[in-house]
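Please look over the sequence and the structure before reading on. The paragraphs below go through parts of the fold one after another.

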Amino acid sequence: MIEINKVSKWYGEFQVLTDCSTSVAKGEVVVVCGPSGSGKSTLIKCVNGLEPFQSGTISVEGTSVGDPKTNLPKLRARVGMVFQNFELFPHLSITENLCLAQEKVLGRNHDEAMEKGLKLLDRVGLKAHAGKFPGQLSGGQQQRVAIARALAMDPIAMLFDEPTSALDPEMVNEVLDVMVQLAKEGMTMMCVTHEMGFARKVANRVIFMDRGSIVEDAHKDEFFGQPRSERAQAFLSKIL
Ligand code: ADP
Ligand code: MG
């Protein structure tokens, strides 16, 4: 589903990604972890074309992300992305947030978008909050709306960038529960997260990044059992 092949990227002189290669199969859940500044966010932003890269290739379901002929807005509509800071439109109601891209990008009519939006809002346990504005919801609720909004686009894969790290501790699980459910339903997911409980529960593979490189890409049991690299061992010993 997602093929990342020898991707390198520079910000000016600074090389942020070095020869990164990995792939995510349909229905697979891959957790990406590693120290702050190691390039995790940059890598997943490259996957849906939010960041350009200078060498290597990335394809999503056969569509080459770096190809100038690729319709990036169309690709982004098919790859859901959930950020650390929710990124809901603050001036729009929850239902408006859920409908906007469905109508503008997918061309659904309002009734259709609304039906889909409300169904997904119900699924993340927030149907009663449909008419509110993002500022009236807790962080955990806003993040669940952000997930519902991404799912409303019928994504072929979902990318998560530390979706729980801006949340108060008591709200982390309500968001992780939604993600666990998605994983169990077979969604293809690439998740940057340090929630190792989540990784243990649903990840197929764990990728460990350090200084712009993929240092380790292992089956979950192998990664938690005995990471090969010293850097991954040191990282795990700090966060577990
Ligand atoms: P992570 O998500 O693992 O914390 P990032 O992908 O956000 O890491 O960043 C990797 C490195 O790239 C960091 O050193 C960061 O300072 C740098 N970086 C990120 N975005 C930019 C940018 N727009 N311009 C220059 N450097 C950046
Ligand atoms: Mg990051």
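**A walk through the model**

Strand E7, helix H6 (residues 169-184) and strand E8 together make a right-handed β-α-β unit. The model is a predicted one.

E7 covers residues 157-161, and five of its five residues are buried, so this strand is largely enclosed by the rest of the structure. Its side chains point two ways: Ala157, Leu159 and Asp161 go one way, while Met158 and Phe160 go the other way, and all are buried. Buried here stands for under 20% relative accessible area.

E7 also has pairing partners. Strands of a sheet pair through backbone hydrogen bonds, and the pairing may be parallel or antiparallel. With strand E6 (residues 79-82), E7 pairs in the parallel sense over four bridges, and valine 79 stands opposite alanine 157 of E7. With strand E8 (residues 189-192), the pairing of E7 is again in the parallel sense and over four bridges. Here aspartate 161 is the residue opposite valine 192 in E8.

Another sheet has antiparallel pairing: four strands form an open sheet in the order E2-E1-E4-E5. At its edges stand E2 and strand E5 (63-64), and each has a single partner strand, so one side of each is left without a neighbour in the sheet. The partner of E5 is strand E4 (residues 55-60); two bridges join E4 to E5, and the two run antiparallel. Within this pair, valine 60 stands opposite threonine 63 in E5.

The next part is the ligand site. Which residues surround ligand 1? They are Tyr11, Phe14, Val16, Pro35, Ser36, Gly37, Ser38, Gly39, Lys40, Ser41 and Thr42. By type, this shell divides into four nonpolar residues, six polar ones and one charged one.

A backbone N or O atom of glycine 37 is 2.7 Å from an oxygen atom of ligand 1. For serine 38, a polar backbone atom is 3.1 Å from an oxygen atom of ligand 1. Threonine 42 takes part through its side chain, a polar atom of which lies 2.5 Å from an oxygen atom of ligand 1. Taken alone, ligand 1 exposes 570 Å², and the protein buries 59% of that. Two elements give two or more residues to the shell around ligand 1, namely strand E2 (14-24) and helix H1 (40-47). The largest share, three residues, comes from H1.

H1 is itself mostly covered, with six of its eight residues buried. These are Lys40, Thr42, Leu43, Ile44, Cys46 and Val47. Just after H1, glycine 49 takes a positive phi of about 75°.

Is glutamate 96 buried, partly exposed or exposed? Its relative accessibility is 40%, and so glutamate 96 counts as partly exposed. The side chain of glutamate 96 reaches the backbone nitrogen of serine 93 at 2.9 Å. Glutamate 96 can also be placed against alanine 113: the two are 17 residues apart in sequence, and 9.5 Å apart in space from C-alpha to C-alpha.

Methods: Residues numbered from 1 in each chain as written. Chains lettered and ligands numbered in written order. Predicted model: local features only at pLDDT ≥ 70, side-chain atom pairs only at ≥ 80, totals over all residues. Heavy atoms only, no water. Near = heavy atom within 4 Å. Polar contact = N/O pair within 3.5 Å; in protein donor to acceptor, adjacent residues only side chain to side chain. Areas by Shrake-Rupley, 256 points an atom, 1.4 Å probe, with all protein chains shown as cover. Nonpolar A, V, L, I, M, F, W, Y, C, P; charged D, E, K, R; others polar. Buried < 20%, exposed > 50% of the residue type's maximum accessible area, 1.4 Å probe, protein only. Pairing = 2+ DSSP bridges. Right-handed = clockwise from strand over helix to strand, strands pointing away.
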